[in-house]
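User: I would like to learn how to read a few features of a model, one after another. Could you take me through them, giving the general idea before the case at hand?

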Protein chains: 4
Amino acid sequence: MKKIAVFTSGGDAPGMNACIRAIVRGAAYHGVEVYGIVRGYNGMIKGDIIPLNSQSVSNIIQRGGTILKSARSKEFMTAEGRKKAYDKLQELGIEGLVAIGGNGTFTGAEIFYNEYKIPTVGAPGTIDNDLYGTDYTIGFDTAVNTALDAVDKIRDTADSHDRVFFIEVMGRDSGYIAIQCAIAGGAESVMIPENLTSVDEIAAILQKGFDKKKSSSIVIVAEGDEEGNAQIVAKNIKDKMDENLDIRVTTLGHIQRGGIPTAYDRILASRLGLGALEGLLRGEKNVMAGVVNNQLIYTPFHDTITKKKPVSEDLIRMVEILSS
Amino acid sequence: MKKIAVFTSGGDAPGMNACIRAIVRGAAYHGVEVYGIVRGYNGMIKGDIIPLNSQSVSNIIQRGGTILKSARSKEFMTAEGRKKAYDKLQELGIEGLVAIGGNGTFTGAEIFYNEYKIPTVGAPGTIDNDLYGTDYTIGFDTAVNTALDAVDKIRDTADSHDRVFFIEVMGRDSGYIAIQCAIAGGAESVMIPENLTSVDEIAAILQKGFDKKKSSSIVIVAEGDEEGNAQIVAKNIKDKMDENLDIRVTTLGHIQRGGIPTAYDRILASRLGLGALEGLLRGEKNVMAGVVNNQLIYTPFHDTITKKKPVSEDLIRMVEILSS
Amino acid sequence: MKKIAVFTSGGDAPGMNACIRAIVRGAAYHGVEVYGIVRGYNGMIKGDIIPLNSQSVSNIIQRGGTILKSARSKEFMTAEGRKKAYDKLQELGIEGLVAIGGNGTFTGAEIFYNEYKIPTVGAPGTIDNDLYGTDYTIGFDTAVNTALDAVDKIRDTADSHDRVFFIEVMGRDSGYIAIQCAIAGGAESVMIPENLTSVDEIAAILQKGFDKKKSSSIVIVAEGDEEGNAQIVAKNIKDKMDENLDIRVTTLGHIQRGGIPTAYDRILASRLGLGALEGLLRGEKNVMAGVVNNQLIYTPFHDTITKKKPVSEDLIRMVEILSS
Amino acid sequence: MKKIAVFTSGGDAPGMNACIRAIVRGAAYHGVEVYGIVRGYNGMIKGDIIPLNSQSVSNIIQRGGTILKSARSKEFMTAEGRKKAYDKLQELGIEGLVAIGGNGTFTGAEIFYNEYKIPTVGAPGTIDNDLYGTDYTIGFDTAVNTALDAVDKIRDTADSHDRVFFIEVMGRDSGYIAIQCAIAGGAESVMIPENLTSVDEIAAILQKGFDKKKSSSIVIVAEGDEEGNAQIVAKNIKDKMDENLDIRVTTLGHIQRGGIPTAYDRILASRLGLGALEGLLRGEKNVMAGVVNNQLIYTPFHDTITKKKPVSEDLIRMVEILSS
């Protein structure tokens, strides 16, 4: 394999640039030519593809976002779109791909591989950490620390005013960010999609806190919780409790996507980028590189998409014990 | 004056603890006994008043929130409430007060002074910076930096996805946080209560950016803008523009209230705390300590509440020029 | 077991407070009485031992340092000292101990256990990450991020001035902090005690960078490198290279010990604290709790002290490839 | 004036990029062509001069360092060097200059102006804040906050171990960073060049702290203090005090030069950049733009270099009162 391309797709995540850098520098090290596809599958279809070298990725390891930009592509979901993309790659003689992204990215990559057999290896880049085949995804650690910093700040004001705060963090289908934030932020409780926690249970926990003279409480809510988002949950709890209770809601939103990546994310991204590249060069295809138990492994795209990585029961138990 | 008390009231602001510390340490230095009133006027009414000394305020200069807690008090708005408060202060022999807070705090302080003549000096503590009589209030610099950090993070993801973001910052009646964030964050535009900016104007600015191939744009919206909050403004703009435009909204919320105070806020808080205390000891009363043009001055409570401090025209002009 | 005590010893590490909190809250949950020993073995000898409850550890999860303070104790190295310590524990009826610290702490704990058979379980708290029996120690992730933040800042000024910087990070016997900083900071090279890298090799790498028109370079040096500290290494390299080369040295020092713990450290500390406590209650003794491959395990103190945990060869290889 | 150039010179400072951006965007706004001179006077001599436009300065407002790089130039100190520089500017038809830097920069600019009469306006960019003609210089607020963050971290470990720390901050001729850090960091004492504080006085303050059972103490030392740097001061104090006293020294070094600029620095830099540009266009020359008492003013280069801006006595007094 002498010529490959890399792209980022789906929601951006801090560390994607570190991953791109590792792929490009790794390619240089192995004597392989490397291109960058701009705006994911969209750029592939349009042929928005640029040559990269070691210099191109100087001084990006610490930058949030992705220098290759990202986009969701409807056209790539069509056979015509994928044909165009294939033709553009053929024109440039690209023999292999590294795809950085999440569920949607790998769903596309699998279909494309099955149709056109261009070897593709993925690197898991998503703040949600909801991919089977890796303990952690690129961007997760940064997102958790960003959310945690917000929780710390809100704790200051919650304590000063004896308030209850419901803080919504990202996670449409998964509670990874929420559970980590809850433990690290010393939250009184957490609501995640993986776990049925009723509004009544939360109300009981809050009540117990007041009885013990806790002056403030924080509940972390994953955006995809089955009881609704933080606004809805807070409203339903307010209806059940003392009307004097001062309840506030903060939805952290897109700040969780950006920012300077943490050391952990930069190292993980570098390792996964290099692992994806070197796997590709060694003949891996249709798989995602991941780190499980500190070992680099490759998992078929199909499994990364269809299998579920559960939130550790240990962590759920810890929230309960530690907030008591 | 041999015995005084200090309290915080209204919304908490980073740096309030540094201010309390300066008052307490300053009192020790001047040989004056000092008490802390817990939860503002509420604590005054209930007699929730504790002795403080130099040790009590060790290691708090860097903490957000307020160790004396804060609350809004309906009872203090009644003559009965204020009578109770006066009686409690009399019981303890408190001869003077330092009130740390904003508009509401000083409104209460003025009424109370007029009724009971206990000399009171204020220190301006509010993230909004909307007090006449001081160039900056305690907490403002920290709040701006917190909001700016969020803007920087959102810029990363906005750029990666070619999106337009409307970011709502605090400021019910004032655009101070918004205008500073807009300049420092390199925002394309800003909407503040002090200034009539129509949705059409914003749409035109955004359009001009696209025409110049700007890939992303950020508009800062003060929560109290006359066109509505960020959600409303974004919706109205979306209706006027290309439907493919990818517009997102983030409301920063309460993270702006908490956090470690900046150097600026700690120094300002220390200076204003000491200035309020030493003013009180020298006979000042019914006034707020402020820093205007680097000089410590005292402004009657009445003026701080009723006079308006305008946002500098220079700053508004800078947003326009620098985003071009 | 109905009554236990916890202490911190050796160099402090961010996350120690989160660990103390988990032990105290966990003890409350399991109905066990818990005491805190102040200033490690010194406090044990002097009987500086205080009761703790859930309230005592409120609002400390985010604080650096250790509320129980730490100290090195010469007296505990004597049989007389240990006898006094044992007597103090007997007086209070303490049946088990949780020791938070590093090498020195566990060396003391092992001797003490062998003499007096008070069941003791350790939790690994040291920024150096040089303990066998756990993949990561409490404080390491925070220290790496603190050092990395410094590297990022220095990169700004190195780039602006075309300078070479030698940055010394902590690690007397181990290069963990150095290697992680080097990868995450995009350093050109790294010097660690585990690895023989000569001054000539570093000079060659720097020269290669100049030949490629790299405008600035950063070399991370672990304080315990066999070639000497950063000052010495920089001097020796300067002697071998172009005299116009602008070389600077920064020794990060004690900033690496303090600060708000990261999410990772707070969660790890909570897990290890709870794991140490629950191990103790289940009958573990003379062992350290650790997390290896995401599993909680217990390793004899003796092994944690005498066995060596190597720095991953993968990481060393990554520095070389990624800086190319 | 239709064509101007901008450059940065001397030690880099956070906010220089924001200043460059304001000058370039301001020039675009006023219809003036603008060039960037790379590496200060060196680049002027070599003709390393590049055209800039609004796009060139996108997304740099938040970056530390300077995109135009900086260097010290021996050649510019010679008449021949300046002649070459003038010729290069003439070749490109550059009619005016904006110089961002400190003392050395403006010394060069004054000489050059006197010889060749190219109108030049300066913007004060130096972390040291030691320029007459402006209350604050670009980079100072960021440097203070960076140093303060380090002080906060060191306080954690100082408290945990009952230690005395001497922390050296930048400031060869001035104690601005030191005094602000001391107040904001709650230091026990401060040593600055502007003020004679003997080692005996510091020893007395530390002793007083111990007598009051202060467990830890921090002394901030400006690198240019007349008693020597932090290492020397600490050694001399150790000789005078109890030998069991655990004294440590940390020299913060170059981390103070880099990093993301604070909101204050970005706004000040934008204002001063625009002010320098618009002054130049209106006919100002041989002056530095500054902000004094919130007003934009212009001060002759000669005064900025020769006049001394004293450290406020108020601040020195505050350190004493607040650490008591």
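Analyst: C:Asn293 is partly exposed, with a relative accessible area of 30%; buried means under 20% relative accessible area, exposed over 50%, and partly exposed in between, with a 1.4 Å probe and protein chains only. This is a predicted model, in which local features need pLDDT of at least 70 and side-chain atom pairs count only at pLDDT 80 or more, while totals for chains, interfaces and linings use all residues. Residues are numbered from 1 along each chain as its sequence is written, chains are lettered from A and ligands numbered from 1 in the order in which they are written, and side-chain values use heavy atoms, with hydrogens and water left out.

User: In which loop does C:Asn293 lie?

Analyst: Helices (H or I, at least four residues) and strands (E, at least two) are DSSP runs, numbered from the N terminus. C:Asn293 lies between strand E10 (287-292) and strand E11 (295-300) of chain C, and has a positive phi of about 50° although it is not a glycine.

User: With which residues is C:Arg63 in contact, leaving aside its neighbours within four places in sequence?

Analyst: Contact means heavy atoms within 4.5 Å. With those neighbours set aside, C:Arg63 is in contact with B:Arg63, C:Asn17 and C:Pro261. C:Arg63 belongs to the loop between strand E3 (49-52) and helix H3 (79-92) of chain C, and is partly exposed, at a relative accessible area of 22%.

User: Is A:Lys69 buried or exposed?

Analyst: A:Lys69 counts as buried, at 16% relative accessibility. In chain A this residue is found in the loop between strand E3 (49-52) and helix H3 (79-92), and A:Lys69 has a positive phi of about 55° although it is not a glycine.

User: What share of the residues in chain A is buried?

Analyst: Buried residues make up 65% of the 324 residues in chain A, whose secondary structure comes to 11 helices and 11 strands.
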